[in-house]
Each structure stands twice: as C-alpha cells, then as structure tokens.
There are 2 protein chains.
Amino acid sequence: MTERIRGLLAPVVTPFDASLKPDPERLLRHCRWLLSQGSGLAVFGTNSEANSLSVDERIALLDYLVEGGIPTQQMMPGTGCCAITDSIRLTARAVNNGVAGCLMLPPFYYKGVTDEGLYRNFATIIDAVGNARLRIYLYHIPPVAQVGISFELIERLLKSYPGTVAGIKDSSGDWSNTQGLVSRFAGSGFDVFAGSESFLLPNLRAGGVGCISATANVNPAAIHRLLRHWQTPEADGLQAGLDTVRAIFQKRPMIAALKRAIAHWSGDETWSRVRPPLVELGTEQAAALISELDAVRFEMPGLHN
Amino acid sequence: MTERIRGLLAPVVTPFDASLKPDPERLLRHCRWLLSQGSGLAVFGTNSEANSLSVDERIALLDYLVEGGIPTQQMMPGTGCCAITDSIRLTARAVNNGVAGCLMLPPFYYKGVTDEGLYRNFATIIDAVGNARLRIYLYHIPPVAQVGISFELIERLLKSYPGTVAGIKDSSGDWSNTQGLVSRFAGSGFDVFAGSESFLLPNLRAGGVGCISATANVNPAAIHRLLRHWQTPEADGLQAGLDTVRAIFQKRPMIAALKRAIAHWSGDETWSRVRPPLVELGTEQAAALISELDAVRFEMPGLHN
C-alpha cells in the first residue's frame with residue numbers, strides 16, 4: 001500500500017483557448033507551478049469547471065498531464081459524474097494512470113435521493129473498477145451539488161470497502177460537520193480534508209489531514225507554510241493571513257476571480273476565459289480585485305515561468 | 001418549415017438489463033406503444049433517467065430508435081447537459097437524425113449562475129450546431145435542476161434566435177409561472193408545454209400547446225382524450241380523472257413507480273430496474289401502488305403486445 005495523499009491540494013483551474021477548448025499545455029504549466037509551491041493536484045474539481053467538460057475532454061487532459069511527467073502520487077482527480085457509466089470510465093482511467101486517489105461527487109441531478117441509492121452508486125463504481133489500488137475520497141459539497149454525503153452513508157461504505165473509501169472533502173462550509181467527521185471517522189483511517197483553508201488550522205488541530213481549496217490555485221505557498229508550521233506559535237497568525245486573501249476572492253464569483261488573478265500575474269489573458277454558464281469578471285470587477293490584492297501585497301512568485 | 005410538435009409527449013422511461021445497461025429493444029417497444037396511444041416521445045427527459053446515461057449511451061439509443069422506424073417528427077429528445085461540448089454533440093446528432101425539437105436543460109451543476117451565462121450557453125450551442133432545422137424547447141424544472149429559465153432569458157433568446165427557440169416545458173409546478181409564460185410569449189409563436197397533465201386543461205385554455213408528463217408513460221390514452229375533447233363539456237371531468245391517476249403515482253418516487261406499473265402490466269420484471277442513485281420500489285410499496293391503481297380501474301391496454 002502506497003502512502004496516502006495528504007496536506008494541500010488545489011482543484012486546478014482549467015484554461016480554455018479562444019474557441020473554448022481546454023488548453024492542455026497551459027494546464028500542465030499551472031500544475032507544475034502548483035507542485036513547486038507545495039500543492040498537490042485535485043484536477044477536475046468544482047473550481048476546475050470539471051462538470052463543464054465532457055468525459056472525453058477530462059480523459060484527454062488527464063492523460064496529457066501524466067504523459068507530461070506530473071507525478072501521479074500527487075494527483076486526486078475528480079471522477080464522480082451524474083451517470084454511473086461516466087464515473088466508472090473516468091475512475092478506471094484515473095486508477096490505471098496510477099493516481100493517489102479519486103475525489104467523487106455523488107450523482108447530483110436527482111434531488112432527495114436516498115442513502116441506499118447513493119450507497120449503490122459508490123458500491124457499483126468500486127466493484128466495476130475492481131482495482132485494489134483505488135482510493136476514494138467522497139466529495140461533500142451540498143451548496144453546489146445539493147446532494148450530500150451523510151455520516152450513515154460513510155459508515156456503511158467504510159464497512160463494505162474499508163481499504164478503498166479513504167476520506168472526504170467537506171465543502172459544506174459548516175465547521176461542526178467537519179469536526180464531526182474527524183471525531184467519528186478519523187480513527188478508522190478516514191482522512192478528512194477541509195473544503196477550504198479557512199478551516200485548515202482547526203482541521204489539523206482536530207485530527208484532519210489538510211485542505212482542498214480553490215484559492216490554493218493562487219496562494220499555495222502561504223497555505224503550505226501553515227501546513228508546515230501549524231504546531232508552532234506563529235500558526236494563528238499564518239491562518240489570519242490566509243483568511244485575508246481568501247476573503248478577497250470569496251466575495252466575487254470564485255472561478256472567474258481565480259482565473260483573473262492568474263491572467264494578471266502571468267500576463268496571459270488566455271487564463272481569464274471560463275466556459276458558459278460561468279462568466280469572466282467585467283473590467284471594473286477585475287480592476288477592484290487586483291487593487292484589493294495589491295493592497296495586501298499579494299503576489300504569485302514564479303508563476304508559469 | 002415543418003409543423004411544430006405539440007400535444008402530449010412522454011419523457012420515455014429507459015429500461016435496463018440485468019447488468020444495468022440500457023435495453024434498446026424494450027425502449028423501442030415502449031415508444032411504439034406510446035405512439036399508438038397518442039403520445040409523442042420526449043426521450044431522455046428527467047423521468048428517462050437521461051442524466052444517469054452517458055452521452056454515448058444516449059446517442060446509441062437515439063440512433064436505434066430512428067433506425068427502428070420511430071417517426072422523428074414525433075420526437076423531442078432531451079439534449080441539455082452540464083458540459084457545453086456534450087450539449088452540442090447530442091443536439092447536433094438529434095438534429096441530424098431529423099427530430100422535431102430538442103428539450104434543453106440549462107447546465108445544472110453550478111448554482112446561482114447569471115442569465116448572461118445561461119444565454120451564452122444556449123447561444124453557443126445554437127451557433128455550434130448551426131442547423132436551421134434546430135428547434136429548441138427550454139426545460140424549466142427548478143425543483144430538480146435548481147437552475148431555472150427566467151422570462152428575461154427567454155426574451156433575449158427569442159430576440160436573437162426567433163426561429164430556433166420554439167418553446168418551453170414548465171415543470172416548476174407553479175401554475176402562475178406557466179400562465180405568465182403563455183401570456184407573455186405565446187403570441188410570438190413560443191409553445192408552452194405544461195410539465196404535467198395536472199395543468200393540461202388550464203394550459204390549453206390559456207393558449208398553451210400541451211404537456212410533457214411523466215405519467216404519459218402509463219396513462220397516455222386518457223391524457224390524449226382530454227387533448228381531443230378539451231373544448232367540450234366533458235373536459236373538466238376528463239381532467240379530474242387524470243388527476244386521480246396522477247396523484248397515485250405522485251405520492252411515490254415517480255420513476256420507480258412508473259417502471260413498477262409498466263413491469264406489472266407488461267408482466268416483464270426487467271422494467272422495474274432503475275440506475276443508482278435511484279432505487280426501485282420495495283415489495284410493500286409496489287403492492288400498495290398496484291392495489292390503489294386497481295381500485296380506480298387503471299389499465300394499460302395493449303402494452304408491449
């Protein structure tokens with residue numbers, strides 16, 4: 001059994017060319033920069049616009065990154081789709097590529113589905129993939145997916161697939177839920193990632209293993225610093241610094257704001273594009289974002305060099 | 001320009017074999033029965049578990065139906081996906097197959113998206129498909145998709161694509177919304193379908209063109225009777241009869257209940273299967289459904305003969 005993937009992971013934003021096709025070369029370059037800053041790669045997350053990509057597009061990008069030399073033990077691609085056949089195909093491909101884990105949304109079209117139905121979804125995928133190297137991280141993000149992951153569902157999955165169901169990303173935004181996950185499941189080797197660095201310090205102190213955060217796309221080194229120093233006296237100060245930057249991004253449409261910052265600090269306008277139904281920041285919104293970031297001396301050192 | 005598709009359409013339920021693969025032959029047989037009962041075919045709707053099918057599975061089923069001789073002027077497949085590349089591919093295939101219209105969900109993963117983003121989604125699809133025969137029916141189903149279709153969005157799309165944006169299915173469950181759509185847009189040749197037969201008579205009286213309803217899978221002839229006689233004195237009585245049957249299905253998980261009834265009246269248990277995250281009715285639930293339907297003398301004459 002290989003070492004578990006832990007610490008900081010970025011849901012890597014996906015660049016698009018002028019015809020809105022994914023740009024694998026720019027994605028590779030951003031992945032390399034993130035790795036150099038101490039962040040692992042949760043490609044195909046919510047902030048990657050993964051659900052705006054076809055399964056074929058996701059597979060082509062994943063293969064390109066692996067062929068480009070991105071270390072697969074640093075990768076936790078999102079592979080949970082609405083259609084179970086898509087989830088199986090994408091998960092199998094990711095495992096065959098050797099990734100450390102798969103971050104799995106529940107099927108999110110139907111609302112009010114039962115835990116029995118969600119259990120069958122994950123169990124069918126695990127059985128169909130049929131690979132002992134598979135590590136699943138459940139993705140709990142009720143504000144977006146609307147369909148959540150209950151404690152009872154986790155308990156049942158852990159009982160049936162103890163080696164395979166390896167952890168969760170909790171993007172509920174509700175610290176008491178994250179805390180409850182850690183206290184109930186961390187003891188059975190279930191790794192709890194906070195859904196943003198806002199809860200990184202409390203999560204580490206409680207017994208969680210890190211965070212998977214949108215803003216890791218732009219502020220990875222500072223978040224990684226807290227990970228290295230969370231047991232030192234400077235930890236609370238580092239957390240406060242992260243919160244300041246996070247707040248600037250969070251009061252705007254997150255994906256468009258992340259891409260705007262990357263476009264600005266790389267000098268590459270391609271990065272500002274998003275796929276519909278998302279919309280890039282307008283000129284005034286963009287100027288306000290950069291000015292607020294400048295005011296806190298935010299930088300992206302060495303970006304895409 | 002060919003005649004518009006109107007009246008009654010069923011979001012055709014999708015049969016699955018023992019390994020949960022779609023069963024094209026049984027789907028074809030059900031489509032033929034629906035046509036014989038006066039219903040058109042909104043394959044790949046919510047009640048078809050379309051979002052539990054991969055795009056490849058949907059294309060294979062669509063091609064099978066067309067090759068099997070199903071008249072394409074009776075078809076309005078669902079082609080709206082989260083990923084714009086999927087929507088383009090599926091819509092282009094449907095139009096090339098000659099379908100009467102495409103029923104399009106908005107991209108439904110991201111919540112709180114803007115009308116500008118939704119406009120770009122539909123405009124990009126229409127432009128990319130680039131076929132004058134395309135007729136789009138917007139699919140407004142906020143209880144499930146969470147992302148809805150606003151009046152302002154319709155107005156803007158009608159202005160840019162007057163021949164292409166042809167109507168809407170309103171599954172809001174809110175009659176005042178349906179009424180508002182008819183009074184604001186029906187005059188510009190925009191066809192309003194109620195999302196169920198519960199609003200069929202009021203919709204026809206207001207100036208709408210019919211309904212696209214889950215229960216058309218099981219009760220098509222009776223719904224079609226109301227369509228033929230809505231201007232006669234028996235109309236209110238016919239509507240009341242439809243409401244009685246609808247209520248029996250509606251108090252259960254709809255898709256599982258529809259499939260249970262089809263399995264029962266066809267004597268073919270294959271029909272009871274659903275894909276995760278849905279779950280078939282349990283034994284007691286199934287018995288209660290059939291007994292309530294028997295009590296109102298419900299039948300499915302000639303089903304799959």
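Two strands pair if DSSP finds at least two bridges between them. Helices (H or I, at least four residues) and strands (E, at least two) are themselves DSSP runs, numbered from the N terminus.

The structure on screen is a predicted model, in which local features need pLDDT of at least 70 and side-chain atom pairs count only at pLDDT 80 or more, while totals for chains, interfaces and linings use all residues; side-chain values use heavy atoms, with hydrogens and water left out. Residues are numbered from 1 along each chain as its sequence is written, and chains are lettered from A and ligands numbered from 1 in the order in which they are written.

**Stop 1: the sheet of chain A**

Select the strands of chain A. Seven of them make up an open sheet with parallel pairing, in the order β2-β1-β7-β6-β5-β4-β3. The edges are held by β2 (40-41) and β3 (102-104) of chain A; each has a single partner strand, so one side of each is left without a neighbour in the sheet.

Two bridges pair β1(A) with β2(A) in the parallel sense, and A:Ala10 has A:Leu41 in β2(A) as its bridge partner. Next, select strand β1 (residues 7-10) of chain A together with β7(A): these run parallel and are joined by three bridges. Here A:Leu9 has A:Ile212 in β7(A) as its bridge partner. Continue to strand β6 (residues 191-194) of chain A, which pairs with strand β7 (residues 210-212) of chain A over two bridges, again in the parallel sense. Opposite A:Ala194 stands A:Cys211 in β7(A).

**Stop 2**

Two packed helices are described by the angle between their axes and the distance between the axes. Axes are lines fitted to C-alpha atoms, for helices over the stretch in contact, and angles run from 0 to 180 degrees between N-to-C directions.

Select helix α3 (residues 84-96) and helix α4 (residues 115-129) of chain A. Their axes are 9 Å apart, and the helices pack at an angle of about 45 degrees. Therefore α3(A) and α4(A) are oblique to each other; angles under 35 degrees count as roughly parallel, over 145 as roughly antiparallel, 65 to 115 as roughly perpendicular and the rest as oblique. The crossing of α3(A) past α4(A) is right-handed, a term used if the near helix is turned clockwise from the far one by less than a right angle.

Show the side chains at this crossing. From α3(A), A:Ile84, A:Ser87, A:Ile88, A:Thr91, A:Ala92 and A:Val95 meet A:Arg120, A:Asn121, A:Thr124, A:Ile125, A:Ala128 and A:Val129 of α4(A). Contact means heavy atoms within 4.5 Å. By class, seven nonpolar, four polar and one charged residues take part in the contact of α3(A) with α4(A). Ala, Val, Leu, Ile, Met, Phe, Trp, Tyr, Cys and Pro count as nonpolar, Asp, Glu, Lys and Arg as charged, and the others, Gly among them, as polar.

In α4(A), A:Asp115, A:Glu116, A:Leu118, A:Tyr119 and A:Phe122 meet A:Glu152, A:Leu153, A:Arg156, A:Leu157 and A:Ser160 in α6(A). The contact of α4(A) with α6(A) has five nonpolar, one polar and four charged residues.

**Stop 3: loops of chain A**

Select A:Leu20, in the loop between β1 and α1 (24-36) of chain A. A:Leu20 is not a glycine, and its phi is positive, near 65 degrees. A:Glu49 lies in the loop between β2 and α2 (55-67) of chain A and has a positive phi of about 55 degrees although it is not a glycine.

Move on to A:Pro277, in the loop between α11 (254-266) and α12 (283-295) of chain A. The peptide bond joining A:Pro276 and A:Pro277 is cis, with omega about 15 degrees.

**Stop 4: chain B and the axis**

In chain B, select strand β4 (residues 136-140), which runs parallel to β3(B) and is joined to it by three bridges. B:Cys102 stands opposite B:Ile136 in β4(B).

Finally, show both chains. A rotation of 180 degrees with 0.0 Å of shift along its axis superposes chain A on chain B (RMSD 0.0 Å). That is the relation of a two-fold axis. Copies are superposed by least squares on the C-alpha atoms of residues with pLDDT of at least 70 in both. To locate the axis, select A:Tyr109, which comes closest to it of the residues of chain A, at 4.0 Å (C-alpha). The copies meet through the same surface, because 100% of the interface residues of chain A are also interface residues in chain B.
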